Amino acid sequence: MADPFIPITPRMGATRRTALGLLLGTPLLGACAGVQSSLTSGFGGPATPAGPAQQPLAVGTGQVKVGLILPLSASGNAGVAAQSMKNAAEMALAEFQNPNIQLLIKDDAGSAQGAGQGTQQALDEGAEIILGPLFALSVPATANLTRARNVPVIAFSTDASVAGRGVYLLSFLPESDVNRIVDYAAGTGKKSFAAMLPENAYGNVVEAAFKQAVARKGGRIVAFEKYGADRSAVVGRIAAALGGADALFLADDGDAVVATADALTAAGANLRNIQLLGTGLWDNPRVFASASLQGGLYAAPDPAGFRAFAGRYRTKFGAEPVRTATLAYDAVALVAALARTQGGTRFAPDVLTNPSGFAGIDGLFRFRSDGSNDRGLAVMRVASGSGQSVAGSPKSFGA
């Protein structure tokens, strides 16, 4: 029998604080829960070439040394996100009572070369585990060094192709969104699915997951189209096919999914007669304001966890956290909890891949042996101005 999941929850006096996270482009800095960002996924490149490394920084005085690799000196959104994640990591350390860890914070400048340099420094200083990097293109540079020393990595990329032996992804993978929303729809009796997806790397990942999920639930796909910059060639075909579908799956970022829904409506589709389904990218003010998408369902973390985290972050730093900040917080809280409870095997593969998983800020998560992850996501309904929960996050992973 698997061990019960570890609630990564530091004690603050007599009070339990939640302790234990999403990454397409510019929305990285907004409150888009469930966003899979090209910035960190590797579907796009970093914003800056390699730059000079920052001075070494160590936080905490514990005996267990933990490397944290972030693009702190990168320009634009990458650097802003990295600083927010660094703040969140230090916040996790401060909120965890007497953690026995020391963070060795390294700046990779948003490049593979920088990631390799920072990883080598952390290993030479005794790091037992590496947290980061953020960019998918930087993860192999880190993994090439850590595997030689049998040191595990918990990276923040949403590109599952960089996961593998000893490299685990603590991020919101598109596959989790797809599996959750298809499973929920099938559970409510939906059997016939139509889908429109973007012709890009994100769309390719979602396509594979969607087709597998529908087949696993015994459903059928009655219409499937992918689109580029011009949707007009496929909108008419999907609109004509909706009469034979129970649900329509649209997976794209906020602006694009609104444009797609509006184009379908203009083509004569009555979207109120079909159940609309989406991913965490729908957690966007543009979606909530769209008349065409009202009543649509999407999978995302329960927002309550992030709201509580953001409130504490604002109090401590006087600013809003980026949405990816929970990844760094959860990673540090996780290693602190494992260092406290698991002794000398704290970062062993069977500990990190405990099938019962861990409880974090954004709900349950667990690492798979292939380095990917599962997340316990809520199902949200698009309502005017917000997303409303219709099915909460699971309290445990099923068999």
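1. Let's start with Ala109. Ala109 comes out buried, at 2% relative accessibility. Ala109 sits in the loop between β6 (101-107) and α3 (112-124). Most residues other than glycine have a negative phi. Keep in mind that this is a predicted model, so read every value here as computed from predicted coordinates.

2. The setting is another loop, the one between α4 and β8 (153-155). Is Asn150 buried or exposed? Asn150 counts as exposed, because its relative accessibility is 72% and the cut-off for exposed is over 50%. Ala109, by contrast, is buried at 2%.

3. On confidence, the protein chain has an average pLDDT of 88, and 86% of the residues score at least 70. The stretch to watch is residues 9-54, where the pLDDT is below 50. Even so, that stretch has 161 contacts in the model beyond near neighbours in sequence. Where pLDDT is low, the predicted coordinates should not be read in detail. I would apply that caution to the contacts of residues 9-54.

4. There is a cis peptide bond to look at. The bond from Gly132 to Pro133 is cis, with omega near 0°, while most peptide bonds are trans. Pro133 lies in the loop between β7 (129-131) and α4.

5. Pro133 also turns up among the contacts of Thr142. Thr142 belongs to helix α4 (residues 139-146). How much relative accessible area does Thr142 have? The value is 0%, so Thr142 is buried. Leaving out residues up to four places away in sequence, Thr142 touches Ala115, Thr119, Ile130, Pro133 and Val153.

6. The largest nonpolar core has 75 residues, and the members touching the most others are Ile101, Leu131, Phe156, Phe249, Phe309 and Phe367. Which helix gives this core its largest share? Helix α11 (residues 325-341) does, with 13 residues. Apart from this core there is another one, of 29 residues, including Ala194, Ala223, Ala261 and Ala269. In soluble globular proteins, nonpolar side chains tend to be buried together.

7. With neighbours within four places in sequence set aside, Leu131 contacts Val66, Gly67, Leu68 and Ile69, then Ile154 and Phe156, and finally Ala331, Val332 and Val335. Phe156 is, like Leu131, one of the residues that touch the most other members of the largest core.

8. Next, a helix pair. Two packed helices are described by the angle between their axes and the distance between the axes. For α5 (residues 174-187) and α6 (residues 201-216), the angle is about 35° and the axes are 9 Å apart. The crossing is right-handed. On the α5 side the contact uses Pro174, Glu175, Val178, Asn179, Val182 and Asp183. These meet Tyr202, Val205, Val206, Ala209, Phe210, Ala213, Val214 and Arg216 of α6. By class, the contact has ten nonpolar residues, one polar and three charged.

9. Ser84 is in helix α2 (residues 76-95) and counts as buried, at 4% relative accessibility. Outside four places in sequence, Ser84 is in contact with Tyr313, Pro321, Val322 and Ala325.

10. Asn373, in strand β17 (residues 373-375), is buried too, at 4%. The contacts of Asn373 beyond four places in sequence are Leu169, Leu170, Ser171, Leu173, Ser176, Arg366, Phe367 and Arg368. Phe367 is also on the list of residues that touch the most other members of the largest core. Between Asn373 and Thr353, 20 residues apart along the chain, the C-alpha separation is 9.2 Å.

11. Last, Val390, in strand β19 (residues 386-391). Val390 is partly exposed because its relative accessibility is 27%, which falls between the 20% and 50% cut-offs. Setting aside neighbours within four places, Val390 contacts Tyr184, Leu297, Val379, Met380 and Arg381. From Val390 to Ala378, twelve residues away in sequence, the C-alpha to C-alpha distance is 7.7 Å.

Conventions: Residues numbered from 1 in each chain as written. Predicted model: local features only at pLDDT ≥ 70, side-chain atom pairs only at ≥ 80, totals over all residues. Heavy atoms only, no water. pLDDT = per-residue confidence, 0-100. Contact = heavy atoms within 4.5 Å. Axes fitted to C-alpha atoms, helices over the stretch in contact; angles between N-to-C directions. Helix = DSSP H or I, 4+ residues; strand = E, 2+ residues; numbered from the N terminus. Left-handed = near helix turned anticlockwise from the far one by under 90°. Nonpolar A, V, L, I, M, F, W, Y, C, P; charged D, E, K, R; others polar. Core = buried A, V, L, I, M, F, W, Y, C linked by side-chain atoms within 4.5 Å. Buried < 20%, exposed > 50% of the residue type's maximum accessible area, 1.4 Å probe, protein only.
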